[in-house]
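Subject: Structure handover and notes

Dear colleague,

I am passing on a structure for you to look through, with my notes set out below it. Please open it first and keep it beside you as you read.

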Amino acid sequence: MDSTQRKKYWRENLKYLAILLSIWFLVSYGFGILLVDELNTIRLGGFKLGFWFAQQGSIYVFVLLIFIYVRLMNKLDKKYNVSE
């Protein structure tokens, strides 16, 4: 892989990271802290939604984002022929 291909690979990788970390920030900080009062008007399984995001939701979303990142990176590795 030449230098240009490496730069493209890392640019795409950083784009994926920025998007996924933004989603995680929105869910954990935005839904769990900033929008908690508005979300608490909705109930999920008997719990207020804002409380659920603060306690459990951000963890579930984080784990889901890990699996999404793995899948995206596997596709990216195949695209640039650096798969294992």
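Y9 has a relative accessibility of 11%, so Y9 counts as buried, where buried means under 20% relative accessible area, exposed means over 50% and partly exposed lies in between, with a 1.4 Å probe and protein chains only. W10, with a relative accessible area of 49%, is partly exposed. Please bear in mind that this is a predicted model, in which local features need pLDDT of at least 70 and side-chain atom pairs count only at pLDDT 80 or more, while totals for chains, interfaces and linings use all residues. Residues are numbered from 1 along each chain as its sequence is written, and side-chain values use heavy atoms, with hydrogens and water left out.

Aromatic pairs

The structure holds eight aromatic pairs, a pair being rings of Phe, Tyr or Trp (its six-membered ring) whose centres lie within 6.5 Å, with planes under 30 degrees apart counted as stacked, over 60 as edge-to-face and the rest as tilted. Y9 and W10 form an edge-to-face pair, because their ring centres are 5.6 Å apart and their planes stand at 90°. F25 and Y29 form a stacked pair, with 5.1 Å from centre to centre and 20° between the planes. Both F25 and Y29 belong to helix α1 (residues 3–34), where they sit four residues apart, about one turn of the helix; helices (H or I, at least four residues) and strands (E, at least two) are DSSP runs, numbered from the N terminus. An α-helix has 3.6 residues a turn, so residues three or four places apart point the same way. F25 counts as exposed at 52% relative accessibility, whereas Y29, at a relative accessible area of 36%, is partly exposed. Elsewhere, F31, W52, F53 and Y60 form one aromatic cluster.

Helix α3

Helix α3 covers residues 49–79, and although it has 31 residues, its end C-alpha atoms are only 40 Å apart, short of the 45 Å that a straight helix would reach at 1.5 Å a residue (the expected span is 1.5 Å times one less than the number of residues). Where does α3 bend? The bend is at Q56 and amounts to about 55°, taken as the angle between axes fitted to the seven residues ending there and the seven starting there. The buried residues of α3, among them F53, G57, S58 and V61, pack against α1, α2 (36–39), β1 (43–44) and β2 (47–48). S58 counts as buried at 12% relative accessibility and, leaving aside its neighbours within four places in sequence, is in contact (heavy atoms within 4.5 Å) with W24, V27, S28 and F53. After α3 comes N81, whose phi is positive, near 60°.

The protein as a whole

The protein has three helices and two strands, which run α-α-β-β-α from the N terminus on. Its C-alpha trace spans about 55 × 20 × 15 Å along the principal axes. Of the 84 residues in the protein, 25% are buried. Among contacts between residues at least 6 apart in sequence, 62% join residues at least 24 apart.
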